[in-house]
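The following note sets out points for a colleague who will work with these coordinates. It begins with confidence and then turns to packing, the interface and the sheet.

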Amino acid sequence: MANLKLTDVSKVYGNVPVLTDINLEIEQGELIVFVGPSGCGKSTLLRMIAGLESINSGQLEIDGKLMNQVPPAKRGIAMVFQSYALYPHLSVRDNMSFALKIAKVPAAEINRVVEEAAASLQLTEYLDRLPKALSGGQRQRVAIGRAIVRDPKIFLFDEPLSNLDAALRVATRIEIAQLKEKMPQSTMIYVTHDQVEAMTLATRIVVLNNRGIEQVGTPLELYQKPANKFVATFIGSPAMNLLPATVTETGQQTRLSLAEGALATVPIATTKAEQNLIFSLGARPEDMQITETDDYIFKGKINYIEALGEVTLVYFNNPNDSVPIIAKVAGIASFVRGQILKFTVAPDKLQLFNQQGVSCKYRES
Amino acid sequence: MGAILGKNSALTWVVHISVLLLVLLWTIPTVGLLISSLRDKDQLVATGWWPSFSTVERNLIKRSAPASEQLKETGKYLLKGNVFADQAGTVTAFGWRSQKPGAYVPGDTVQMRKGKTLKIEADGRYLLTSPTAFTSKRGARLFVTVLEKPIFTLDNYSEVLFAEGLGKSFLNTMTVTIPATVIPILIAAFAAYALAWMEFPGRAIFLAIVVGLLVVPLQMSLIPLLKLYTNIGIGKSYLGIWLAHTGFGLPLAIYLLRNYIAGLPREIIESARVDGANDFQIFVRIILPLSFPALASFAIFQFLWVWNDLLIATVFLGNNEEQLVMTGRLREMLGSRGGNWEILTASAFVSILVPLIVFFSLQKYLVRGLLSGSVKGG
């Protein structure tokens, strides 16, 4: 049974639609990540699940019960906010026991639960401090502890790591992953714009863009089988290169003609009607391999080089777009700016997107 | 670079010195008031407060011993004594006519009318001689200029507090001020929370009305309000003035507090809501403790305004002993005791003492509360 179910959920601010017809089912024990560019409505969707935003149309069900009009506290959810939202005038202990006191839980029970949560988050020695005497990471742990003590059915995280510095972010990310392992029965929904967080934490990722869901899938599904151009470029870093390609031969295999006279044959089926249309050929930077032969799909003059040690990122001007073509070459490479390189990609790793941006490879899914 | 730095440090000095001068300018009158109120009333009349710590030269009129104490020696009648009676003192000049009270140096023997002579020593001993018998029962007038040590006393305070009725008025003012500060804060805090964080139709219009009320002069409502009080039987009473001050203070209170409360982080309130708190619990357990700076700053405003108010007290309270507030008492004293500086200065200082204490104990909240609208995080 679905733990949480969204059916045709929409949200409008005034006359501006923010989310349109969202359909999503989340199973118990999943860690779902909502990811997308800023302003795509991912936080709004989370706040609608939390009950902090009203739902204009559609249905939200938790454990089979309609929750549209139920106040946040009765939905069985707990939320961790981006700014931590700790009560600044209360000690860590009082922060964590606030919800239980409101719910009139006996004091002894509150004490036991808070001590337990504090111990699991290494907060025991800070219980009597005020939030302002804690570091950012500790505050974030208090916010998580405050959610844990309520023993919710669903945890909601609203960009919980975006206020932390880079090193702490990695550490806290791992803590959240371990927390999830300790509580396999609880469902978590996690909003982020950071795709590394999404890839590492999620059991399934929901990619949101432009008022709707672009694709739902496990992290590797999204990486290997992007349903459309947006997901293809959004997941993976650096982003997937998109080369304009004219369909010259359709069928089970498609032949394409690219810029600079390059030709490619990909094991992706196309229909007769698509003959001579200009599609986008997708190639991930890490799949680009240097070749000396004429069997290349991309040829270009090096514009910029970023040597990171383990890999070297090589940038090329993209004649059709402002987004550069990027190749990721393993190790330290001794290229010079202005040098001309040719690249090939294994045919089964190439993606093809039609003019609407939909993947030809995974059309049916 | 060096030139700029030099200029800046010179500027800093100018600022510091200006501030110091302003502080002096503002505090000197208060200091003068305090010193004057502690001085002996006769000295207060003689000199200003600024030479009050040094020895004062004063012209006194003393009288010699009466005629009944005269002695007769070698054909002359003598009157002896000391102008300071039992105390010690120093005479710097003396005289026997009111036109020239300090004409002679101590130790001189001075010819008076009808062959009388007068001699006054520096320690105050005097000797009057006359060829004929003294007849005055009150003694002759002696004009002396003496050096007198400064005298500081709390007598003025005990007089104004217990004899002049200022103590009772002080209590009356307290009776007006404390409820007239607390009641509007209680009401305004609730209203401010509702206007800031609760969704209800007409909220914006409500707020606009409150802001609009800020500019209504309270004078125009005095008489209608008093009529209303008389009609419904409140009349001139403490209840009436509490309600009046509450009404007049509420627009500013709601406006200030709403701005502060609206500036509190939304996520904290949402977090409390997710934690299951209803609006009342959010208000009492989250909003009130976090708004303390704003509450304190408004409390200071309202307290000072009510404390110093004369107009509303004159309209809504009677002129009797039970209802006369301190400002009213001071006004009466100005009329009846206008020449008695020791009374007026002591009364004035009693009346500013409480506002000073309130201000200095809460002033950090005053500044913070005033800035709360403009600075993030308050």
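**Notes on the predicted complex**

1. Where pLDDT is low, the predicted coordinates should not be read in detail.

2. This is a predicted model, in which local features need pLDDT of at least 70, side-chain atom pairs count only at pLDDT 80 or more, and totals for chains, interfaces and linings use all residues. Residues are numbered from 1 along each chain as its sequence is written, while chains are lettered from A and ligands numbered from 1 in the order in which they are written.

3. Chain B has an average pLDDT of 85, and 94% of its residues score at least 70. Within chain B, confidence is lowest in strand β1 (residues 56-63), at a mean of 79, and highest in helix α4 (residues 166-197), at 93. Helices (H or I, at least four residues) and strands (E, at least two) are DSSP runs, numbered from the N terminus. For the complex, the predictor gives an ipTM of 0.82 and a pTM of 0.75.

4. In chain A, the axes of helix α4 (residues 136-148) and helix α5 (residues 166-182) come within 11 Å and cross at roughly 20°. Axes are lines fitted to C-alpha atoms, for helices over the stretch in contact, and angles run from 0 to 180 degrees between N-to-C directions. α4(A) and α5(A) are therefore roughly parallel (angles under 35 degrees). A:G136, A:G137, A:Q140 and A:I144 of α4(A) meet A:L168, A:A171, A:T172 and A:L179 of α5(A).

5. Between the chains, 16 residues of chain A are in contact with 14 residues of chain B. On the chain A side, β6 (77-80) and α2 (92-102) are the elements that give two or more residues. The largest share, three residues, comes from α2(A).

6. Chain B holds an open sheet of five strands in the order β2-β3-β7-β6-β5, with antiparallel pairing; strands pair if DSSP finds at least two bridges between them. β2 (71-73) and β5 (109-111) of chain B stand at the edges, each with a single partner strand, so one side of each has no neighbour in the sheet. Strands β3 (residues 76-82) and β7 (residues 125-130) of chain B run antiparallel and are joined by six bridges. B:Y77 stands opposite B:S130 in β7(B).

Note on methods:
Parallel < 35°, antiparallel > 145°, perpendicular 65-115°, else oblique. Contact = placed C-beta atoms within 7 Å. pLDDT = per-residue confidence, 0-100.
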